[in-house]
Amino acid sequence: MTSLRIALAVACLAASAGLIACGDDGGSSPSAVAVRDAWARSTADGQTAGAAYMKITGGSVDDRLLTAATPSDVARAVELHETVVAGGGMGSMTMRELDGLDVPAEETVQMSPGGYHVMLVDLAAPLVVGRSFDLVLTFANAGPQTVRVSVRDT
Ligand SMILES: [Cu+2]
């Protein structure tokens, strides 16, 4: 009985050690970036564009988000945008397209309403609360990363 318990304990220890080693291999790649809290604002009928937001944390090296795409054709085009206030604070909000977004090592870049966002141009269908879709973010170093975007109200 005692020897069986020891054998089981050793087996468990070996299994958990193996799991930890696997986890480390997957998570500590030098160019890894982490994308969290990806969401898109719900849209009304007839609204042709939507926006998605998320937090992107850099890995151990500087990286740059180059493009975003929706593999399931949620929108005709996907662009990286920044909302800027035109006219020195009193003006209207406008958006400009970015040719990329720097993600410095170990730093978190926040995409949020009023700032950086992923613009979904010519939506195939309204974004309804509770729905979700894949977004492929392509980074200069980390390569393509697929994130799940859930549709929410503000
Ligand atoms: Cu925009």
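What pattern does the chain follow when read along the sequence? After that, please look closely at strand 3: which strands pair with strand 3, and in which sense?

Reply: Read along the sequence, the pattern is α-β-β-β-β-β-β-β-β-β-β. That is 1 helix and 10 strands. Helices (H or I, at least four residues) and strands (E, at least two) are DSSP runs, numbered from the N terminus.

This is a predicted model, in which local features need pLDDT of at least 70 and side-chain atom pairs count only at pLDDT 80 or more, while totals for chains, interfaces and linings use all residues. Residues are numbered from 1 along each chain as its sequence is written. The term pLDDT stands for the predictor's confidence in each residue, from 0 to 100. The chain averages a pLDDT of 85, and 78% of the residues score at least 70. Over residues 8–28 the pLDDT stays under 50, and the model has 1 contact beyond four places in sequence for them. Two residues are in contact if their C-beta atoms, placed from the backbone, lie within 7 Å. Of the contacts in the chain with a separation of 6 or more, 68% are between residues 24 or more positions apart.

Now to strand 3, which covers residues 63–69. Two strands pair if DSSP finds at least two bridges between them. Strand 3 pairs with strand 6 (residues 101–103) in the antiparallel sense, over 3 bridges. In this pairing Arg-64 stands opposite Asp-102. Strand 3 is also joined to strand 9 (residues 132–139) by 4 bridges, and these two run antiparallel. Here Ala-69 stands opposite Val-136.

Asp-63 also lies in strand 3. Is Asp-63 buried or exposed? Asp-63 counts as buried because Asp-63 has 23 C-beta neighbours inside 10 Å. The cut-offs are these: a residue is buried if 20 or more other C-beta atoms lie within 10 Å of its own, exposed if 12 or fewer, and partly exposed in between, with C-beta atoms placed from the backbone. Of the 154 residues of the chain, 23% count as buried. The C-alpha atoms of Asp-63 and Gly-143 are separated by 9.7 Å, and these residues are 80 apart along the chain.

Asp-37 is in strand 1 (residues 34–41) and counts as partly exposed, because Asp-37 has 14 C-beta neighbours inside 10 Å. Asp-122 is in strand 8 (residues 116–123) and counts as exposed, because Asp-122 has 11 such neighbours inside 10 Å.
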